[in-house]
Amino acid sequence: MIKVAPSILAADILKIENQIKIIDESGADYIHIDIMDGHYVPNISFGPNIVKAIKKITNKTLDVHLMITPVLPNIEEFIESGADIISFHPEADTNHNEIFEIISKSDCKPAIAIHPDVTVKSIEHLLTKIKLVVVMTVVPGFGGQKFLESELEKIRLLYNYKKNHQLNFEIEVDGGVNNDNAKKCINNGADVLVAGSYIFSKEETEYKKAIDSLR
Ligand code: DX5
Ligand code: ZN
């Protein structure tokens with residue numbers, strides 16, 4: 001079954017503990033945590049401390065999406081904070097091997113995220129080293145943006161690449177996902193759907209329905 005990863009960027013920061021508990025009980029698979037540094041992206045969100053805090057209140061997989069540059073100096077801290085998956089943007093750091101090496105020494109799964117301006121071709125050589133790839137369907141930086149249909153093709157390209165090379169990374173789609181476009185993502189080969197505003201704009205009592213509707 002398709003996995004759903006609510007993005008807490010869209011949660012109410014003052015109610016986040018309760019909202020995460022509801023998401024947890026509503027069948028979310030991963031909890032997607034967007035880390036933005038005001039440098040790789042123009043927005044600033046959370047740091048490792050939020051990962052650490054969330055780790056204490058849920059057993060769900062913490063899917064940490066780093067929108068930071070450089071990446072290498074901060075990797076260790078996110079691992080120690082309890083991240084289960086760490087994705088980074090390859091163009092944000094040149095030290096890919098060192099980053100993968102540090103992650104491989106931990107229980108954490110390595111992942112990369114693909115900005116709409118980055119081609120699949122240009123990151124193909126990294127696909128044997130990762131367990132998940134994030135296809136960005138918005139320009140990273142903000143929640144609540146419109147889904148870019150143009151990126152569906154990347155999901156398909158990655159799906160075919162995975163099959164042809166017998167690899168087993170998951171394909172995660174991130175940005176503007178809702179019940180209108182979820183099916184297109186799934187049909188093109190997505191394994192995980194991230195959704196922020198689609199879920200958290202609903203009443204807390206409707207989170208489960210929203211998660212289910214994406215599947
Ligand atoms: C965008 C983030 C996304 C974002 C998704 O830079 O990486 O994870 O939180 O939020 P929605 O679903 O509102 O587009
Ligand atoms: Zn994200």
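This is a predicted model: local features need pLDDT of at least 70, side-chain atom pairs count only at pLDDT 80 or more; totals for chains, interfaces and linings use all residues.
Strand 7 (residues 170-174) and strand 8 (residues 192-195) pair in the parallel sense, joined over 2 bridges. Within this pairing, E172 stands opposite V192 in strand 8.

On its other pairing, strand 7 runs parallel to strand 6 (residues 132-136), to which 5 bridges join it. Here I171 of strand 7 is the bridge partner of V133. Strands of a sheet pair in general through backbone hydrogen bonds, in either a parallel or an antiparallel sense. The surroundings of strand 7 can be described face by face. E170, E172 and D174 lie on one side and I171 and V173 on the other, and all of these are buried, so that both faces are covered. Because 5 of the 5 residues of strand 7 are buried, the strand is largely enclosed by the rest of the structure.

These pairings belong to a wider arrangement. An open sheet is formed by 8 strands in the order 1-8-7-6-5-4-3-2, with parallel pairing. Strand 1 (3-6) and strand 2 stand at the edges; each has a single partner strand, and therefore one side of each is left without a neighbour in the sheet. From one strand to the next, the twist averages 25°.

The zinc ion (ligand 2) brings several of these elements together. Its protein donors are H32 (NE2), D34 (OD), H65 (ND1) and D174 (OD), at 2.1 to 2.2 Å from the ion. Along the chain, these donors follow the spacing H-x1-D-x30-H-x108-D. H32 in strand 2 (residues 30-36) and H65 in strand 3 (residues 61-67) are 33 residues apart, and the pair links distant parts of the chain. D174, a further donor to the zinc ion, is one of the buried residues of strand 7.

The geometry of the site can be stated in terms of angles. The site of the zinc ion (ligand 2) has 6 donor atoms and is octahedral, with angles of 70 to 170° among them. For six octahedral donors, the ideal angles at a metal are 90 or 180 degrees.

Strand 2 also contains M36. This residue counts as buried, because its relative accessibility is 4%, below the 20% limit for that class. Apart from neighbours within four places in sequence, M36 is in contact with L9, V41, N43, I44, S45, F46, M67, G141 and F142.

The protein has 8 helices and 8 strands. Its radius of gyration is 16 Å, close to the 17 Å that the globule rule gives for 215 residues, so the protein is as compact as a globular protein of that length. Taken along the principal axes, the box filled by its C-alpha atoms is roughly 45 × 35 × 30 Å. Of the 215 residues, 53% count as buried. Among contacts between residues at least 6 apart in sequence, 63% join residues at least 24 apart.

Key
Residues are numbered from 1 along each chain as its sequence is written. Chains are lettered from A and ligands numbered from 1 in the order in which they are written. Side-chain values use heavy atoms; hydrogens and water are left out. Donors are N, O and S atoms within 2.8 Å of the metal (3.2 Å for Na, K and Ca); water is not among the atoms, so sites may look incomplete. Four donors count as tetrahedral if all angles lie between 85 and 135 degrees; four count as square planar and six as octahedral if opposite donors are over 155 degrees apart and all others between 65 and 115; anything else is irregular. Helices (H or I, at least four residues) and strands (E, at least two) are DSSP runs, numbered from the N terminus. Two strands pair if DSSP finds at least two bridges between them. Axes are lines fitted to C-alpha atoms, for helices over the stretch in contact, and angles run from 0 to 180 degrees between N-to-C directions. The radius of gyration is taken over C-alpha atoms; the globule rule is 2.2 Å times the number of residues to the power 0.38. Buried means under 20% relative accessible area, exposed over 50%, partly exposed in between (1.4 Å probe, protein chains only). Contact means heavy atoms within 4.5 Å.
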